[in-house]
Amino acid sequence: MYAFIIPWIVMVLGSSSPIVVNLTNQQIKTAYLIYHHAVENDISPEKFLKLAVCESGLNQIAVGDKGKAFGLYQWHESSWNLYTKSYNEFLEYTDPIDQIYLSAKVLGDGGWKNWYTCGKKLALK
């Protein structure tokens, strides 16, 4: 099931990337889910992976923005609650799978501005 993921990660991030050099099983599974949800929401899997790397270094429990942002895609809880309510979804803010799911959905609907700095860096639109 994950056979294509490792070569894909290497292709997207480069073989000398610290993430690729120290790739964990959890990161392989995460990359698979990123790829799957990107395709499902008609967004670039490569940019979606790079966004997670930019935001959190693929760290599912990353905390940023002075403690206000959490997870793979560095969601602020207020934004999370706004989007889950608008999509009528019951998702867990701290669950990495839910973060991937909601991030892909929001990006698929054109919400790239939620990731302004990394989105601009990666030319998300």
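Partly exposed here describes a residue whose relative accessible area falls between the buried class, under 20%, and the exposed class, over 50%. That wording comes up in several of the views below, all drawn from a predicted model.

View 1. Seven helices and three strands make up the protein chain. Reading from the N terminus, the order is α-α-α-α-β-β-β-α-α-α. The radius of gyration is 14 Å, close to the 14 Å from the globule rule for 125 residues, so the chain is as compact as a globular protein of that length. If you like boxes, the C-alpha atoms fill one of roughly 40 × 30 × 25 Å along the principal axes. Take the contacts between residues at least 6 apart in sequence: 48% of them join residues at least 24 apart.

**View 2. Surface and charge.** About 7000 Å² of the protein chain is accessible surface, and carbon and sulfur atoms account for 54% of that. Buried residues, on the other hand, are 42% of the 125 in the chain. On the charged side of things, there are 11 positive and 11 negative side chains. The centres of those two sets sit 11 Å apart.

**View 3. Inside the largest nonpolar core.** This core holds 34 residues. The ones that touch the most other members are Ile-34, Phe-48, Leu-49, Leu-51, Tyr-73, Trp-75 and Leu-107. Two or more residues each come from helix 1 (5–13), helix 2 (18–21), helix 3 (25–40), helix 4 (45–56), helix 5 (77–86) and helix 6 (96–108). Helix 6 is the top contributor, giving five residues.

**View 4. Zooming in on Ile-34.** Some names return from the previous view, including Phe-48, Leu-49 and Tyr-73, which are listed with Ile-34 among the core residues that touch the most other members.

**View 5. Ile-97 on helix 6.** Ile-97 belongs to helix 6. Its relative accessibility is 46%, so Ile-97 counts as partly exposed.

View 6. Most residues other than glycine have a negative phi. Asp-65, though, has a positive phi near 50°, and Lys-66, also not a glycine, has a positive phi of about 55°. What about cover? Asp-65 is partly exposed because its relative accessibility is 44%, while Lys-66 reaches 83% and therefore counts as exposed.

View 7. Gly-110 sits in the loop between helix 6 and helix 7 (116–121). With a relative accessibility of 45%, Gly-110 falls between the 20% and 50% cut-offs, so the label is partly exposed. For a sense of distance, compare Gly-110 with Val-12: the two are 98 residues apart in sequence, and their C-alpha atoms are 22 Å apart in space.

Notes
Residues numbered from 1 in each chain as written. Predicted model: local features only at pLDDT ≥ 70, side-chain atom pairs only at ≥ 80, totals over all residues. Heavy atoms only, no water. Core = buried A, V, L, I, M, F, W, Y, C linked by side-chain atoms within 4.5 Å. Buried < 20%, exposed > 50% of the residue type's maximum accessible area, 1.4 Å probe, protein only. Helix = DSSP H or I, 4+ residues; strand = E, 2+ residues; numbered from the N terminus. Rg over C-alpha atoms; globule rule 2.2 N^0.38 Å. Contact = heavy atoms within 4.5 Å. Areas by Shrake-Rupley, 256 points an atom, 1.4 Å probe, with all protein chains shown as cover. Lys, Arg positive; Asp, Glu negative; His and termini not counted. Charge placed at Lys NZ, Arg CZ, Asp CG, Glu CD.
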